[in-house]
Amino acid sequence: MSGPLGLSWRLLRGGGRRGLLGAGLTAVAVAVSTALLIFSVSANVAFQGRAEREAWRNPVAVGTAAVAVQAVHKDYVRDRTVTVVDLAVLKPGAAPPPGLDRLPAPGEVWFSPALAELARELPAGELAGRFPEKVAGTVGDEALVHPGELVAVRGQAPDSPIMTAAVAGDPRDGFPPTRVADFTGAPSPDAQAYQALALIATVLMAVPLLVFGGAAARLTVARRDQRLAALRLVGATPGQVVTMTVAEAMITAAAGAVAGTVLYGLLTPLLAGIEIGGGAWFAADLWPGVPYTLAVLGAVPLLVGLSAVVGLRRVVVSPLGVARRETPPAMRFVRIVALLAVLAVVPTLGAGSAAGVVAVVLGLAFLAINLAGPWVVGVIGRITAGTARGPARLLAGRRLVDDPKAAWRTVSGVAMTGFVAGFIGFLSPASDLLGDADPATLRVTVPAAQASRFTAEARERLTAAGVPARVEVTGKGEDKLLTVEVGRTAGDGGTESGGGSATGKPAAEKAATGKPTGEETVAEKSAGPGTGRADEAVIDRARTALDGLVPGRTATSAADEERFGVLLLKDVGTGTVVVLTVSFLVAVVSAGITAASSILDRRQTYALLRLAGTPLEVLNRARRAETLVPLAVMGGGSIVIGMFCAVPFSISSVNVGGMTILLICVTLGFAGVIGAGAASAPLLRSVTADPAPRPD
Amino acid sequence: MTNVVLEGFDLVKRFGSTVALDGVGLAVGRGEAVAIMGPSGSGKSTLLHCLAGITRPDTGEVRLLGQRVDAMGERQRSALRRTRFGFVFQFGQLLPELPAEENVALPLMLGGVSRGEAVRRARGWFGPLGLGGMEGRRPGELSGGQAQRVAIARALVTRPAVVFADEPTGALDQTTGHDTMRLLVEATRGNDASLVVVTHDPQVARWCDRTVEVRDGRVLPGTGRGMAAGPYSGHDVQGHSGHDVQGRPGHDGPGSLTRILPGGNG
């Protein structure tokens, strides 16, 4: 290394214990930022991976040149969803679908590992009985959304009833037999929705991270100010000063970025356990890939270096500007105007807005808060200093006025989290909207003409499986609804007004369960909503018995049908917790590092104050006030702004769950920042303890 | 010696294997200005720190008006420094974000004086110290000499018994340094406070009543523990420093010092 580079390397190494501590703090900050940044990038890659792996199950129809017919339907076992893919090969020799080593022949089935395990665990009558085919292999991970996903791929003959049944319906429930040219498919709308949500979450996490990383860089520059101003005074050119600073900041940041990548690698097993979309993640999902990792590893030191240049501008422009502390120019009101401008855009958004637009507006709101923050902190400082009676508040207020940006850096993390919490807390729908639908009544649509036949066959199958149930047919017109009330015996009301009468044999059922006619027993009643595990088993036996009754259709309960909604709510909750956790980590680490850096920056003044008899308690109180006062104002303000931004997307009024999350956030935020500040009290003691270690 | 305010006996202080003080004794009289001189590494700053209750000597005693300072705990010594002592350092002791008047008022506020009263009393010092109109300026907007005068006001605002100054003119040019020393000596004496100045500059020492030379952790014979009979009869600096002071200030020296008292609190 030569010239300025070599000198900055020597300065970094020769900075002494405290210099190294300062560099260490920056490296820690950068490491945490990098790890979380990789995480927020990986989240997108991970959801994209899921969407791609799932795509083959969303067949795209072709008119000619079809190599296979593919039908997909959802089945249910316990409270889980099984995706069943039926394939009929039209043209042998085509490439097999992902996860299969060859094209399935009629009568063969491939299980995903989790399904294979579950099929072994449960009695055959509850699950395995639905797949009488010969198990020919295991569906590979490349065809599974998550490791715990239940997937079955069956081979069918092209003319089998299931491959010819005309079933129309919601793509969420499956696809009718579709002629496909290959097994590429298309990402499902749900997978794309998850990707959009992940993108918003990334913005919510990444913006505070970038702000935090930049702040960390400027902190170290503040400490270098004096030394570099001295260098400038002895004649270093602006170019040399900038090169040295940037080099030093980037060396530190590069070390931090590498450490952060390693940290992320170590955290991956933990993060992979987060359940979204009904399951955890493959470890490989959370590996963002070499290009993204390299991009982050390169971007982080670059950003830190850039931030260092910005922070140094004053030193370079005027060597005396830093050496002599002068009243900084007042913050301009235009900062507030920027925030108001962004907020003015928010009401024009709505639930129909594109996810990208929402992400951009959210990002802008974030940046605008960050821009307005220092201005507000300055105002708070003037008020605090003006009204202060004791020395601690006076010191705090003057400090806020003197360097509102520094104070903002301490609280910005929590303020940003407040924004996120306000936004999400206001958005989360009430958790009691869903979840108490009837799980014990299975329904399947049947053609009116065959209603009687299906009813009779259903009764026979259920009887053979030993499942007590009342089977009815309701509805008018072409399609009728065959309803199976599991756990109930058919006492009365067997005939329906619709014409398709239930002509079954109730006596057979009663004989099978040994229960007297017309008597509703306790056991029967317990099969209603909220039943225990034994009843789940009975329902699964009923499902297994009814499997394949109507080709291409599955008997489902109301609870099954709302499973997706329940899952989505759960995922929103999980996502909220993840985003808030990340925000909090950033906030608390940022508060701690800022507090420590500010002590290091001002150690001479602190030491001389203590030497002149100023109690440390006063200094600590001042430090606390200088954090808490802006924290209270800015944290509260950000929550309100976050809620305001959420209003256009809000589907229901504020709910208790969201408010609880908010309250926890506020409490944790304050506790975390106070704790982080308090953690640096020993540092204050140590840097002021020995004012003159020199024997002179 | 009823007139003695501050006394140190047989002070010994070691830093690791380095002996900073090796049995030093020193007495400071009421209203007396004492210069502690010595080359770098002689132990003069350590002596000041021991006398001021900043560090505790390994052995020996420090008494302020008969009260043992070295035996006090950190909290008590901190309170003592805040109330009974004043400090002027080379630079950096003023809080950059506070206006000058609030820097001066701070020690009073730490002592429980209300903010309004503290600032009012602080302002009283600005005129007599030649700082009229500087009350609202921040340290960064003051010259080096002005900043030191603010520091002097801050040291004296609590009416301390002793003012300690560690190279108070070290960062100033010669003329400003002379002015600052004159004000420091006049102001402390005018307020019946004693002054202990650590310096390596003979011209600074000239302003004091008496000079104590420290070498290798010991006081040079004839300059130490014994206290001068009166404030104005100390050793002449030139007598043992051997320096002939050039560019001596154009006034009549310590004898003609005027009493500097704060205004506005009469």
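Helices (H or I, at least four residues) and strands (E, at least two) are DSSP runs numbered from the N terminus. This is a predicted model, in which local features need pLDDT of at least 70, side-chain atom pairs count only at pLDDT 80 or more, and totals for chains, interfaces and linings use all residues. Residues are numbered from 1 along each chain as its sequence is written, while chains are lettered from A and ligands numbered from 1 in the order in which they are written.

Chain A is divided into domain 1 (57–184), domain 2 (327–431 + 565–689) and domain 3 (441–560), with bounds from an automatic or database domain assignment. In domain 1, 17 residues are in contact with 14 residues of domain 3, contact meaning C-beta atoms, placed from the backbone, within 7 Å. E1(A) gives the largest share of the domain 1 side, 6 residues. By class, that side has 9 nonpolar, 3 polar and 5 charged residues; Ala, Val, Leu, Ile, Met, Phe, Trp, Tyr, Cys and Pro count as nonpolar, Asp, Glu, Lys and Arg as charged, and the others, Gly among them, as polar.

Next, the cores. A nonpolar core is a set of buried Ala, Val, Leu, Ile, Met, Phe, Trp, Tyr and Cys residues joined through C-beta atoms within 7 Å. The largest one has 193 residues, and those with the most contacts inside it include Leu36(A), Ile36(B) and Ile152(B). Its largest share, 16 residues, comes from helix H2 (residues 16–55) of chain A. A second, separate core of 34 residues includes Val72(A), Trp110(A), Leu115(A) and Val151(A).

As for chain B, it has 8 helices and 10 strands, and buried residues make up 53% of its 266 residues. Where the chains meet, 34 residues of chain B and 27 of chain A take part.

How values were computed: Buried ≥ 20, exposed ≤ 12 C-beta atoms within 10 Å, placed from the backbone. Contact = placed C-beta atoms within 7 Å.
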